[in-house]
Amino acid sequence: MGLSRVRAVFFDLDNTLIDTAGASRKGMLEVIKLLQSKYHYKEEAEIICNKVQVKLSKECFHPSKSCITDLRTSHWEEAIQETKGGVANRKLAEECYFLWKSTRLQHMTLAEDVKAMLTELRKEVRLLLLTNGEQQTQREKIKACACQSYFDAIVVGGEQKEEKPAPSIFYYSCDLLGVQPGDCVMVGDTLETDIQGGLNAGLKATVWINKNGMVPLKSSPRPHYIVSSVLELPAVLQSIDCKVSVSA
């Protein structure tokens with residue numbers, strides 16, 4: 001780590017600042033209710049949602065080949081057909097997808113204590129949101145949680161040539177803020193993208209949000225700091241700056 005103070009912090013969005021996983025689960029519960037009450041799918045409702053969850057986790061999206069709405073509607077269509085058999089039901093798939101998506105977005109909110117932390121941090125350092133993912137999906141989340149006003153810049157991986165962990169997206173982010181990689185800290189919940197990316201780009205420090213006390217593999221990237229909540233970040237930044245003062 002260099003001898004300059006932290007000048008900028010890059011934040012991941014999903015499961016770092018907003019509870020994307022929790023919002024998605026709430027969306028799935030609404031779809032289960034719909035399938036059970038309106039369509040009388042008893043046990044099948046949960047099976048369908050579990051299948052969609054697996055498809056989402058393995059999703060490969062190519063903007064040149066399809067749009068995200070078509071792709072994700074197809075996940076539901078396939079899951080319904082795999083579970084129920086018979087002919088494909090695109091109309092029901094669309095109903096499920098849009099209910100899941102709208103419910104999910106409703107529950108994507110910035111907690112009041114997170115807003116307060118970002119507001120205080122921004123008095124001292126520059127803040128940038130750095131999120132991987134398909135452009136439309138991520139922009140909808142950003143709008144839903146109304147986080148734009150807390151950041152000096154927002155960078156969406158799906159709008160760039162490369163996503164995290166590629167160094168290029170970190171260098172682009174540095175250029176936007178007028179800072180050097182050695183001035184910046186990356187904060188995120190994913191070792192393979194957020195932490196590895198910060199290490200690849202030579203940032204001052206990486207902070208891993210490990211909410212569930214997960215034990216990483218020995219081969220996983222090693223963050224400089226590990227916290228259980230993003231709200232612990234101010235103390236970490238203070239610690240980094242204290243080290244700089246002592247070194248100086």
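Visitor: What should I know before we start?
Guide: The model is predicted, so local features need pLDDT of at least 70 and side-chain atom pairs count only at pLDDT 80 or more, while totals for chains, interfaces and linings use all residues. Residues are numbered from 1 along each chain as its sequence is written, and side-chain values use heavy atoms, with hydrogens and water left out.

Visitor: At what angle do α3 and α4 cross?
Guide: Helix α3 (residues 68-84) and helix α4 (residues 90-106) cross at roughly 120°, and their axes come within 8 Å. That makes α3 oblique to α4 (under 35 degrees is roughly parallel, over 145 roughly antiparallel, 65 to 115 roughly perpendicular, and the rest oblique).

Visitor: Which residues in α3 and α4 meet?
Guide: Among them are Trp76 and Ile80 in α3, and Leu92, Phe98 and Trp100 in α4; contact means heavy atoms within 4.5 Å.

Visitor: How do the residues of that contact divide?
Guide: There are eight nonpolar, three polar and six charged residues in the contact of α3 with α4. Ala, Val, Leu, Ile, Met, Phe, Trp, Tyr, Cys and Pro count as nonpolar, Asp, Glu, Lys and Arg as charged, and the others, Gly among them, as polar.

Visitor: New topic. How many disulfides?
Guide: The count is zero, where a disulfide is a pair of cysteine sulfur atoms within 2.5 Å.

Visitor: What about Cys60?
Guide: Cys60 is exposed, at 60%, and its sulfur is 17 Å from the closest cysteine sulfur, in Cys67.

Definitions and conventions:
Axes fitted to C-alpha atoms, helices over the stretch in contact; angles between N-to-C directions. Helix = DSSP H or I, 4+ residues; strand = E, 2+ residues; numbered from the N terminus. Buried < 20%, exposed > 50% of the residue type's maximum accessible area, 1.4 Å probe, protein only.
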